Amino acid sequence: MERIGRLGVRRILVTGAAGFVGGHVLPLLAATGARVAGIGRGAPRGLPEGVTYESINLLDEAALTAFVARFRPTEILHLAGLASVGQSATGPGQTWRVNVNGLMNLVAAVAAVPGCTLFFVSSGEVYGSAFLAGHALTEEAEPLPRNTYARSKWVGEQVLHDLLPRIGVKLVVLRPFNHIGPGQDERFVVASFAGQIARIEAGRAPPVLEVGNLSSYRDFLDVADVAGAYVDLIGRSESLADGSVFNISSGVPRTIASVLDGLRARARVPFEIRIAPERVRPNEIPLAAGDASRLHEATGWQPRVAWDDALTRVLDDARARLAPAEG
């Protein structure tokens, strides 16, 4: 699906291109006619025609600097980083190293390409305690992060606001809320539910699905809509103000219980639900939702994937990923 027309001579670099979102955004960027390159730590699941990829760790400053100087991007979509709140709680040191030290290395590298625009993928998690207001937040809400992952993203935003103007690089901050879709890691709640259901259906696990807190409200989007928002904004990079911040969200909070109900209705076999203490986050925010009016006004973006279709895509992907293991 082409969303922003042809970008021609633009050279777009995607960091973290081998990750969950990278696999969905690369085809959209490739369809625009821009020259697209990806870097990351692993191997991508498959590259669209015309997209190049190199395995580069952001903590390898020399390799990163050499690549950026060679490719000379006009836009950078910075997806790379540790994205799991749970993982950040158990390994905070690694979260800070990857999400902040890696970012600092990227800043040093982009000094060679003044005039480019850096799209920094932060997170709706940065709002933290501000969600206690009990309604969908706009970008004007003061971030009050409550966990290591969110703090690392908020610090990243501040680092970039301080450093990029000094080297002539424009900053656009993206704050996506929860997104789901094919290829997501089971450290995330909806992918975890789908993976457990797929194993139960296949007889590879007992008919018991383990869950955490089901009463929390969260703002979910299909990853295709999140990737589309990124591409829409990149297509308008010249018109965006330096330092712009955009929520990427549905504005429709759903309980985790309702998400589970939707997946359960699609399951092929019955199962019980059991609360696992290790899956329950202490002091969890009861409602977290974002207002994406600014994004809509800037690009016309709105979610396109129906929620029922999004759930079906996740569960079908979980089944498909299990099939090779069965074979």
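Close-up 1. Glutamate 75 is buried, at 4% relative accessibility; buried means under 20% relative accessible area, exposed over 50%, partly exposed in between (1.4 Å probe, protein chains only). This is a predicted model: local features need pLDDT of at least 70, side-chain atom pairs count only at pLDDT 80 or more, and totals for chains, interfaces and linings use all residues. Residues are numbered from 1 along each chain as its sequence is written, and side-chain values use heavy atoms, with hydrogens and water left out. The side chain of glutamate 75 meets that of arginine 10 in a salt bridge (3.7 Å, N to O). A salt bridge here is a side-chain nitrogen of Lys or Arg within 4 Å of a carboxyl oxygen of Asp or Glu. Glutamate 75 lies in strand 4 (residues 75-78) and arginine 10 in the segment before strand 1, so the pair ties together parts 65 residues apart in sequence. Helices (H or I, at least four residues) and strands (E, at least two) are DSSP runs, numbered from the N terminus. Arginine 10 is buried too, at 11%.

**Close-up 2. The salt bridge of arginine 319 and aspartate 316.** Their side chains meet at 3.2 Å, N to O. Both lie in helix 10 (residues 307-326), three residues apart. Arginine 319 is buried at 15%; aspartate 316 is partly exposed at 39%.

**Close-up 3. Buried residues of helix 2.** Leu64, Phe67, Val68 and Phe71 are buried in helix 2 (residues 61-71). The exposed residues Ala62 and Arg70 sit on the face turned away from the buried side. Arginine 72 follows helix 2, with a positive phi near 50°.
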